[in-house]
Amino acid sequence: MSTALAQPGDTSSLEARAARLKEIAADIRVSIVNTIAGPRMGHIGGDFSVTDILVTLFFDIMRTRPADPEWAERDRFILSKGHCSAALYSVLATAGYFSPDLLSTFMAPLSVLNGHPNRRKVKGVEANTGPLGHGLPIGVGAAIAATISKSDYRTFVVLGDGELQEGSNWEAAMFAGHRKLSNLTAIVDRNRLQQGARTEDTNSLEPLGDKWRAFGWEVHEVDGHDHAALLAAFEAPRIDKPRFLIANTRKGKGVSFIEDRVEWHHKVPSPEQVLQAIEELRAQ
Amino acid sequence: MNDMSAPVTSGIETFDCRVAFAETLAELARVDPRIVVVCNDSVGSSNMNAFQKEFPERLINVGIAEQNMVGVSAGLANGGFVPFVCCAGPFLTGRALEQIKADIAYNHYHVVLCGQSPGMSYGELGPTHHSIEDFAWMRALTDITILNPADPKQTRDAARWAAQANRPIYMRVGRFKVPAVTPEDTVFEPGRALTLREGNDVTVIATGVLVSCALEAADILASRGISARVLNMMTIAPLDEAAVLAAARETRGIVTAEEAIITGGLGSAVAETVVRHHPVRMRILGVPHFAPTGSASFLLDHFGLNADGIVTAATELMA
């Protein structure tokens, strides 16, 4: 399905592009349900909150060549919240990096699709992540590499909001601001839930935008399920700063009984719930 | 840190491996545009002032932030560069251990982690600043090649090899001034022990600053009628198991000597090898526990990490 990728020079209207992304996102969410239903393991809540961000990047914004995944000039994408690998794998398969048939092996014994992104075995994965707080420093390094090699590729890092409690993010944020890395975009999947409770009840992050502005970043805040808003934020004229996108999302977005419920961090739907979830997603 | 000369080398010309390392890195950078240095406010202590002056864009100083330093180096490797991460050993391997595991080793990025001032170089500063756990921690990460050059020639050769090895590497860059122990015509072979002296009674396997002590010990043992084989084990991982097993078969016992915690270091690696294939009597010389304060040379003597300590251990094995 590599034809799903945006074509260079696409002059469609923002609305047309957003409508197309919405359709892809619905298919991706169904793919996620099927992917985690097999092993009965996964992180469906976070997978669903981050889906629209991933779809917007991979099917419109990013410069990629799925048939040549190590192309030097490709845009870099790092999923720092690596537990949402089912979403990333579904996106990569749909984009043509590998066969969608492989998704049925998710977390099976000896599968290349382990529970966190696997760079060594899976095309399109830039970095093994999973332990939190690793993605942004790697993204900063990739962005600096582009700067000193005078390449114009961009680097995108998706962070979980709970993940921002890890200190290494702030080391990287401070340094990216200092280096004025305008080729770096960090997106926080701001679903306001972490594994055990709400972020603001655990170790509060607000005022989140002000914190990143203070570190020298340009901050945008958008509805993380609004593809047109995401497109506009990614395509905003670049200034001399790294960009931080607060994407306000709903954990479990798209399925009524999962949405915004803390227990669905890594709960797996029953066979009946799988059918209901797919039905709800298909109706959208 | 007043006394940076090993006590066993008085009267012998000694060299600073950090100078050899810095010169080599600049030579490499002149011909290989992929070479960059990443450091943590350690430009001066890593001897990288000249590199920074010559290649200002290719020295990335992240400030005092070691987790970010290692993550940034992974990203630079992703972007096609070959980062040499120059940082005091304890804060590189310890403070950023999970980043080294997940970002470098498991991603299999070509990053050269350079533990500066290893072992007990910062003796007086206390155990927080002693880098003696590095071998054990890095050995647990199976993808990382661990190099511990014994002298300036090996330091230069190790850096040149590391620049093109296309794999994760940890190497010590010593602060201790050491004598030259490697013949100039020696061809560098990572993963191979260098036999510096043949011998049939006992084998001394030493690494880093202890290699010159092992040679001195072999002289003393020879004067007492004991023929000691001396191996310079520059590569801690992967270990040269063939050389170890030859020593186990051909001599009556093995003494290992390293400026590192005994648990999990060179001695452990040798012991794991012989116990699997050819059990033999061993003495493992190293640091047994958190060290007290004192100069590096004082601490080496304190723990018997010198020629006399090696002679005593070898003599016990022959008993």
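Visitor: Which residues form one aromatic cluster?
Guide: Five side chains group together there: Trp170(A), Trp212(A), Phe215(A), Trp217(A) and Phe244(A). Keep in mind that this is a predicted model.

Visitor: How many aromatic pairs are there over all chains?
Guide: The count is 14. Take Phe58(A) and Tyr97(A): the ring centres are 6.4 Å apart and the planes meet at 80 degrees, so this pair is edge-to-face.

Visitor: Where do Phe58(A) and Tyr97(A) lie?
Guide: Phe58(A) is in helix α2 of chain A, residues 44-61. Tyr97(A) is in the loop between α3 (85-95) and α4 (135-148) of chain A. The pair therefore ties together parts that are 39 residues apart in sequence.

Visitor: Buried or exposed, Phe58(A) and Tyr97(A)?
Guide: Phe58(A) is buried, and Tyr97(A) is buried too.

Visitor: What about Tyr89(A) and Phe106(A), which form an aromatic pair?
Guide: That pair is edge-to-face, with 6.2 Å from centre to centre and 75 degrees between the planes. Tyr89(A) belongs to helix α3 of chain A, and Phe106(A) to the loop between α3 and α4 of chain A. They are 17 residues apart, and the pair links distant parts of the chain. Tyr89(A) and Phe106(A) are both buried.

Visitor: Switching to charges. Which ring has the charged end of Arg65(A) over it?
Guide: The ring of Trp71(A). The charged end is 3.8 Å from the ring centre.

Visitor: And which ring does Arg172(B) sit over?
Guide: Phe135(B). The charged end of Arg172(B) is 4.1 Å from the centre of that ring.

Visitor: Pockets next. What volume does the second largest pocket have?
Guide: About 280 Å³.

Visitor: Which helix gives the largest share of the lining of the second largest pocket?
Guide: Helix α1 of chain A, residues 14-37, with six residues. The lining includes Lys22(A), Glu23(A) and Arg29(A), along with His225(A), His227(A) and Gln284(A).

Visitor: What about chain B, where Ala237(B) meets Pro238(B)?
Guide: A cis peptide bond joins Ala237(B) and Pro238(B), with omega about -5 degrees. Pro238(B) is in the loop between β12 (235-237) and α9 (241-250) of chain B. As background, most peptide bonds are trans, and most residues other than glycine have a negative phi.

Visitor: What is phi for Arg192(A)?
Guide: Near 65 degrees, a positive value, and the residue is not glycine. Arg192(A) is in the loop between β3 (184-190) and α6 of chain A. Its relative accessibility is 32%, so Arg192(A) counts as partly exposed.

Visitor: And phi for Asn166(B)?
Guide: About 55 degrees, again positive in a residue that is not a glycine. Asn166(B) lies in the loop between α7 (152-163) and β7 (169-173) of chain B. Relative accessibility is 56%, so Asn166(B) counts as exposed.

Technical notes
Residues are numbered from 1 along each chain as its sequence is written. Chains are lettered from A and ligands numbered from 1 in the order in which they are written. This is a predicted model: local features need pLDDT of at least 70, side-chain atom pairs count only at pLDDT 80 or more; totals for chains, interfaces and linings use all residues. Side-chain values use heavy atoms; hydrogens and water are left out. On a 1 Å grid over the protein atoms alone, a cavity is a set of points where a 1.4 Å probe fits but cannot get out, and a pocket is an open set with protein on both sides within 12 Å along at least five of seven lines; lining residues have an atom within 4 Å of a point. Grid points are joined across faces, edges and corners, and a volume is the space filled by probe spheres set on the points. Helices (H or I, at least four residues) and strands (E, at least two) are DSSP runs, numbered from the N terminus. Rings of Phe, Tyr and Trp (its six-membered ring) pair if their centres lie within 6.5 Å; planes under 30 degrees apart count as stacked, over 60 as edge-to-face and the rest as tilted. Buried means under 20% relative accessible area, exposed over 50%, partly exposed in between (1.4 Å probe, protein chains only). A charge sits over a ring if NZ of Lys or CZ of Arg is within 6 Å of the ring centre and within 35 degrees of the ring normal.
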